[in-house]
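Please open the model in your viewer and keep a selection panel at hand. The stops below follow one another, each with something to select.

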Amino acid sequence: MTTLVDGVLADLGLAGLTGPQLAGDPQPAALASPLAVAECAIASVAACLTAAADLASARTGRRPEVALDTGHVAAAVRSEVWLRDADGRGIDGFAPLSRLWRAADGWVRTHANYPWHRTALLASLGVDDGRDAEVQTTVADVIAARPAGEIERAVYAAGGLAVAARTRSRWEADGPAPLALPLVDMAPLSCAPLPVPPVAPGGLPASGVRVLDLTRVIAGPVGTRMLGALGADVLRVDDPRRPELALHAVDGVIGKASTTLDARTADGRRALHRLLDRADVLVTGQRPGALRRLGLDPDQVADRHPGTVVVTLSAWGTAGVWGARRGFDSLVQIATGIGWATSTDGVRPGALPCQLLDHATGYLVAAGALAALGRRVRTGDATHVSVSLARTARWLLDQGTAPVGRGPGDDSPARADAWRVALGNGWSAISPPGRLDGRALGWPHLPPAYGQAPPDWC
């Protein structure tokens, strides 16, 4: 575990720092897998907390003591599973057409949680929409008659999401070149920094830091809400014409304010850049082309908003053919070889016990932002932080497999309830993992209110 944490800290430019004091089982049963899921989950959160403590040291001259319970991590990386409404009910995170399908020569994983992705998927397959059961039967027949690679190409060409199941070696032959980059890439961006707000007495490591959050679903929101738990003022911005799904409209806005702006209009773009004028960190999850049209690619931000830390989150990296593709955790698992590495029978691809690629990458988003802020305090330099789900997948696979027989994960609610907190609107969720100087972290901006904040720093 120490080696994993040390490797992440080296990427962050924090080599030699000591990680948090760990308590609990180093391999929580809920994260049991033939791959090192627990180890990578714990290491990503540990690196984030270590970067937070280093930022506190840079700003105040004092490094807080950091502690982390591994059972808390196991609950936190399944936070969307443990979200509950006032009646104790959760929300299913996957739509009927987001699943694994048998193709003529292998397997295909599709993702159609958003209505526009469902429409594109069905159009690419020549299937009319209708009742879910009937549509699933027709889709299954169409995919079963065609090669997996052909389905992948056709669906992506239509603006949908589908990937063929690959082994790791096949992925390394087919996948994007940026896999050779570090797990967290920290590149110089600009000088002439914006001043970092002073820390009030008793403040948290990121107190007063403003974070503009342009991410969706799980990975980005996990990272930005962790920054909120560590003191940052986080404002999430969504497109009003592409509203978030019910699950993520709660889980994705915990710890932050949430607003909407239509950046496809001139007024919306001006408003977005006014927010960025006063931000310390910009976190993006859009594909490169979309960002350049908005003036938000890293080089454009460095020119127009010097001193701003930019964090780029992507599924596949940002270069080559794959860099232009959308992607989600479940798709990256199947494309990179994780599906076959976790298969229980060698016939059907398996899956991780949590959406680890999303959650681990989310904590790496926060770790990178915190490390970059610490660097800005000490040197005046801004940084471009780059992470991707595919690089996190490579990191996980690089740890190898454990002996057969770890068994399935433990989904007992009691394991999660130890870390459950009320959100103030009838909902409850998992609290942020970690303790600073003996005090547990908590969520600000409760109850979470999707899209209800004004587009301003309040």
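Begin by selecting R242, R287, R293 and R326, which together form a positive surface patch. Such a patch is made of residues with over 30% relative accessible area and no salt bridge, where like charges are joined within 9 Å; Lys and Arg count as positive and Asp and Glu as negative, while His and the chain ends are not counted, and the place of an Arg charge is taken as CZ. Within this group, R326 sits in the loop between α14 (320-323) and α15 (329-336), and its relative accessible area of 31% makes R326 partly exposed. Here buried means under 20% relative accessible area, exposed over 50%, and partly exposed in between, with areas from the Shrake-Rupley method and a 1.4 Å probe.

This is a predicted model, in which local features need pLDDT of at least 70 and side-chain atom pairs count only at pLDDT 80 or more, whereas totals for chains, interfaces and linings use all residues. Residues are numbered from 1 along each chain as its sequence is written, and side-chain values use heavy atoms, with hydrogens and water left out.

Now zoom out to the whole protein chain, which has 19 helices and 16 strands; these are DSSP runs, helices being H or I of at least four residues and strands E of at least two, numbered from the N terminus. The radius of gyration of the protein chain is 21 Å, close to the 23 Å that the globule rule gives for 458 residues, so the chain is as compact as a globular protein of that length. That radius is taken over C-alpha atoms, and the rule is 2.2 Å times the number of residues to the power 0.38. Along its principal axes the C-alpha trace spans about 65 × 55 × 45 Å, and buried residues make up 55% of the 458.

Next, turn to salt bridges, of which the structure holds 28; each is a side-chain nitrogen of Lys or Arg within 4 Å of a carboxyl oxygen of Asp or Glu. Select D398 and R168, whose closest N and O atoms are 2.4 Å apart. This pair links distant parts of the chain, with D398 in helix α18 (residues 389-398) and R168 in helix α8 (residues 168-174), 230 residues apart. D398 is partly exposed at 46%, and R168 is partly exposed at 27%.

Move on to R216 and D238, a salt bridge with its closest N and O atoms 2.8 Å apart. R216 lies in the loop between β7 and α9, and D238 in strand β8 (residues 233-238), 22 residues away. Which of these two partners is buried? D238 counts as buried at 3% relative accessibility, whereas R216 is partly exposed at 24%. For a network of salt bridges, select E152, R166, R170, D174 and R325.

Stay with the loop between β7 (210-214) and α9 (219-229), which also holds V217. Phi of V217 is near 65°, a positive value in a residue other than glycine, and V217 counts as buried at 15% relative accessibility. D437, in the loop between β15 (435-436) and β16, has a positive phi as well, near 50°, and is partly exposed at 36%.

Finish at the peptide bond from L446 to P447, which is cis, with omega near 0°; P447 is found in the segment after β16 (439-440). Most residues other than glycine have a negative phi, and most peptide bonds are trans.

Note on methods
Patches are made of residues with over 30% relative accessible area and no salt bridge: like charges are joined within 9 Å, nonpolar side chains (Val, Leu, Ile, Met, Phe, Trp, Tyr) within 5 Å. Buried means under 20% relative accessible area, exposed over 50%, partly exposed in between (1.4 Å probe, protein chains only).
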